[in-house]
Amino acid sequence: MSTTTPKLQPIVNEFSDCERSDIARLLIHANDLYQMYNSTETAAEDKQTSLDKAFKLIGEVMNFDPNNAPAMNLLGRIELDRGNTSAAQALFEKCLEHSPENTQYLTNKGYLHIIADEPDLAIDYFQKALAVDTSSKSAFLGMARAHHALGNYDIAYLHYRSLINHGFDEPTILHGMLNCCPHIKVDQYNEQLEADLFLLLSHP
């Protein structure tokens, strides 16, 4: 992947077609690097390098187009991963000012509140995201994690199970479901729970 940075000239009011194309390429490249950082296939020693490069590139985009909402959103996610919660919150809020019903922006704000140990607020944002897009896997998983954080293990478990029933059986979902098990009281035999346990035990 080329790391060549297009040469941009900042313009106060608008960008030429060429400059818009350059900004789009930078944003795509930054997104690719961020996906590499999040990928389980990326070696541990390469993850930080990918995150740092994504941060640098998205910073360049923001220097030339500070009101670019997708760039602000990506920078917010990167800042969150870098531990800069306040910076991430300010960026997500600006994104929502720009597009208040954007599912991704609402979901990211929800995850920020989970990290900030505010799961009640997180649920509010995930519910708003699901009101816009009922099929949003990220928002539904966020609901599971928020209820998990609140100690609502039965509700969290059912959210995890629903995701698995829809074909999403990534390790993070299975682990979340498994972690709920010790906290769920079962008074009688339940065939579905037995099937769940076989599923969980079949995964490493």
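Visitor: What is the relative accessible area of Gln-104?

Guide: The relative accessible area of Gln-104 is 40%, so Gln-104 is partly exposed. On this scale, buried is under 20%, exposed is over 50%, and partly exposed is in between (1.4 Å probe, protein chains only).

Visitor: Where does Gln-104 lie, and what is in contact with it?

Guide: Gln-104 lies in helix H5. Beyond its neighbours within four places in sequence, Gln-104 is in contact with Asn-73 and Arg-77. Contact here means heavy atoms within 4.5 Å. Phe-92 sits twelve residues from Gln-104 along the chain, and their C-alpha atoms are separated by 10.0 Å.

Visitor: Before I go on, what kind of model is this?

Guide: It is a predicted model, where local features need pLDDT of at least 70, side-chain atom pairs count only at pLDDT 80 or more, and totals for chains, interfaces and linings use all residues. Residues are numbered from 1 along each chain as its sequence is written, and side-chain values use heavy atoms, with hydrogens and water left out.

Visitor: Okay, big picture. How many helices and strands are there?

Guide: The protein has ten helices and zero strands. Reading along the sequence, you get α-α-α-α-α-α-α-α-α-α.

Visitor: Which residues touch the most others in the largest nonpolar core?

Guide: That core has 45 residues, and the ones touching the most other members are Tyr-34, Ile-58, Leu-74, Ile-78, Phe-126 and Tyr-160. H1 provides the largest share of this core, with seven residues. A nonpolar core is a set of buried Ala, Val, Leu, Ile, Met, Phe, Trp, Tyr and Cys residues joined through side-chain atoms within 4.5 Å.

Visitor: Tell me about Tyr-34. What is it in contact with?

Guide: Setting aside neighbours within four places in sequence, Tyr-34 is in contact with Leu-51, Ala-54, Leu-74, Arg-77, Ile-78 and Asp-81. Tyr-34 also turns up in the lining of the largest pocket.

Visitor: Oh, a pocket! Which residues lie nearest its centre?

Guide: Among the 16 lining residues, Tyr-34, Asn-38, Arg-77, Tyr-111 and Arg-145 lie nearest the centre. A pocket is an open set of points on a 1 Å grid over the protein atoms alone, where a 1.4 Å probe fits, with protein on both sides within 12 Å along at least five of seven lines; lining residues have an atom within 4 Å of a point.

Visitor: Which helix gives the most to the lining?

Guide: H5 does, with five residues. Helix H1 (17-38), helix H3 (69-81), H5 (103-115) and helix H7 (137-150) each supply at least two.

Visitor: New topic. How many disulfides are there?

Guide: Zero, from a search of the whole structure. A disulfide is a pair of cysteine sulfur atoms within 2.5 Å.

Visitor: What about His-148: buried or exposed?

Guide: His-148 counts as buried, at 18% relative accessibility. His-148 is in helix H7, and leaving aside neighbours within four places in sequence, its contacts are Tyr-153, Ala-156, Tyr-160, Gly-176, Asn-179 and Cys-180.

Visitor: Where is Gly-151, then?

Guide: Gly-151 is in the loop between H7 and helix H8 (153-165). At 31% relative accessibility, Gly-151 is partly exposed.

Visitor: Last one: what is the phi of Asp-117?

Guide: Asp-117 has a positive phi of about 60°, although it is not a glycine. Asp-117 is in the loop between H5 and helix H6 (119-132), and it is exposed, with a relative accessible area of 64%.

Definitions and conventions:
Helix = DSSP H or I, 4+ residues; strand = E, 2+ residues; numbered from the N terminus.
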